Amino acid sequence: MDDSLELDFSVSYRHRIFFTEGAFGSKNQLLKKLVAEAKVLPVLDAGLVAARPQLLQELAQYAKSQSIHFTRLPLLLTGGEAAKKDSAVVKEVLSAIEADKICRHSYVLAIGGGAFLDAVGFAASTAHRGVRLIRMPTTTLSQGDAGVGVKNGINTFGKKNFTGAFAVPAAVIIDSVFLRTLDKRGLRDGLVEAVKVALLKEANFFQALENEAAALASGDLAAITRAVRRSAELHAKHIALNGDPFEQGSARPLDMGHWAAHKLESLTHHRLSHGEAVAIGLALDVVTARELGLMEAALAQRVLHLLHQLGFETYCPELLQAEGNDLWTGLEEFREHLGGELCLVLPTGLGQSKNIHELERKIVFRAANELKSIHLGTCAVRS
Ligand SMILES: NC(=O)c1ccc[n+]([C@@H]2O[C@H](COP(=O)([O-])OP(=O)(O)OC[C@H]3O[C@@H](n4cnc5c(N)ncnc54)[C@H](O)[C@@H]3O)[C@@H](O)[C@H]2O)c1
Ligand SMILES: [Zn+2]
């Protein structure tokens, strides 16, 4: 006779996200209150430090004035997608955690862009099977999306985020000061995740983005900070409150537009940033939804118009790359990633979406061809 023991248990988490301006200002006690007397290993995105060299001094002064126990001078490591291309950053962080005797009651403080946080977070989530991580995202995309999530990972076997883990950070600190050193592209990138989550969750936010499109596109920091904050709130609330924080089911609403985006990032060898790839992926999903009769043409048009107003392209040649390693294999890879059954969340209205489980190749390529025509049309107007 078969014998078994089955035990249900649950673990409760608190997802803590703090919004501030000037986290290392002499009067800002946020970080000190979080870490108290514990040891802290500071790890910084070298690209961020290159853009904001005074950060090292600010951090040193803050640590001194607040008696924060840094285990060493900040460890500067490669940022950007290069941080995820192999295990070098992960290994450096692991070896610092080991050398500095960071235990499960100490902290890793990671300050940088989304790619950097993904790589450092992976190291923190595996050392001692998980040490405490405080994330300080420093780009629009990481402040509004990547940094407030509960995932980390690096790219392996030529696939985005193939190796990674779910790990809820001890806290996330979003400091708008960091946005000041971003270039035009960096300022724009996170806005696409705001458009995505607005389309998915909140009509009012979508309308606010439309109303502020000109300010957002011009790099108005106040408008960008507002959009990033609402994006962060909606992403975090979805993760914490929608019942599937560790993505055990197949539906991934926050991944709208991402199946194509991840493939385009690798097909373009990261010539496209994550945000730029998501803009094309989102446009593709919107046109696909309209082709399938799930979304009204007028709304599809509004989404494309907003993306264009914000300065995003909605086409790149790799969308129509010849068969073999093409866009379509991206859908197969996404199906595989989900565990066999395809589940695409397509937008159907403002704040509304629908799961679909199959998609015909010809529809995807019809949508891709339409994006090409729109692109050629807008290029003609511009020239
Ligand atoms: N874990 C998740 O849930 C999740 C969600 C969405 C995206 N992501 C990942 O996030 C990554 C994209 O992150 P990103 O858009 O933040 O880009 P990024 O991390 O690649 O950073 C872009 C560049 O900006 C530099 N930088 C960082 N902060 C800066 C600052 N304040 N001023 C000037 N330069 C600065 C970096 O050094 C890098 O060169 C992708 O790898 C994507 O897969 C993860
Ligand atoms: Zn994304």
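User: Which helices each supply at least two residues of the shell around ligand 1?

Analyst: One reads a ligand site by asking which elements contribute to its surroundings. In this predicted model, the helices that each supply at least two residues of the shell around ligand 1 are helix 2 (46-51), helix 5 (114-126), helix 6 (140-144), helix 7 (184-201) and helix 12 (274-291). The largest share, four residues, comes from helix 5.

User: How many residues surround ligand 1, and which are the closest?

Analyst: Ligand 1 is surrounded by 32 residues, and the closest are Gly-47, Gly-79, Gly-113, Gly-114 and Gly-149. By class, the shell holds eight nonpolar, 16 polar and eight charged residues.

User: From which domains does the shell around ligand 1 draw at least three residues each?

Analyst: Both domain 1 (17-181) and domain 2 (184-227 + 237-382) give at least three residues to the shell around ligand 1.

User: How should I read the relation between the domains themselves?

Analyst: One may begin with the separation of the centres and then turn to the contacts. In general, the size of an interface is often given as the accessible area lost when the parts come together. For this chain, the description rests on distances and contacts: the C-alpha centres of domain 1 and domain 2 are 28 Å apart, and 17 residues of domain 1 are in contact with 20 residues of domain 2. On the side of domain 1 that touches domain 2, helix 6 and strand 8 are the elements that give two or more residues. Helix 6 gives the most, with four residues. That side of domain 1 comprises four nonpolar, eight polar and five charged residues.

User: At what angle do helix 7 and helix 12 pack, and how far apart are their axes?

Analyst: A helix pair is described by its angle, its axis separation and its handedness. Helix 7 and helix 12 pack at about 35 degrees, with axes 8 Å apart, and their crossing is left-handed. The residues that meet include Arg-188, Asp-189 and Glu-193 in helix 7, and His-274, Val-278 and Leu-282 in helix 12. By class, this contact has five nonpolar, three polar and four charged residues.

User: How does one read a strand hairpin?

Analyst: As background, in a regular strand the side chains alternate between the two faces of the sheet. One then considers direction, bridges and the turn. Strand 7 (residues 154-156) and strand 8 (residues 159-163) run antiparallel and are joined by two bridges. Thr-156 has Lys-159 in strand 8 as its bridge partner. Two residues lie between these strands in the hairpin, and Phe-157 in the turn has a positive phi of about 55 degrees.

User: How many bridges join strand 10 to strand 11?

Analyst: Five bridges join strand 10 (residues 344-349) to strand 11 (residues 352-356), and the two run antiparallel. Leu-346 stands opposite Lys-354 in strand 11. This hairpin has two residues between strand 10 and strand 11, with Gly-351 in the turn at a positive phi of about 80 degrees.

Terms used: Residues are numbered from 1 along each chain as its sequence is written. Chains are lettered from A and ligands numbered from 1 in the order in which they are written. This is a predicted model: local features need pLDDT of at least 70, side-chain atom pairs count only at pLDDT 80 or more; totals for chains, interfaces and linings use all residues. A residue is near a molecule or strand if its C-beta atom, placed from the backbone, lies within 6 Å of it. Ala, Val, Leu, Ile, Met, Phe, Trp, Tyr, Cys and Pro count as nonpolar, Asp, Glu, Lys and Arg as charged, and the others, Gly among them, as polar. Domain bounds come from an automatic or database domain assignment. Axes are lines fitted to C-alpha atoms, for helices over the stretch in contact, and angles run from 0 to 180 degrees between N-to-C directions. A crossing is left-handed if the near helix is turned anticlockwise from the far one by less than a right angle, and right-handed if clockwise. Two residues are in contact if their C-beta atoms, placed from the backbone, lie within 7 Å. Two strands pair if DSSP finds at least two bridges between them.
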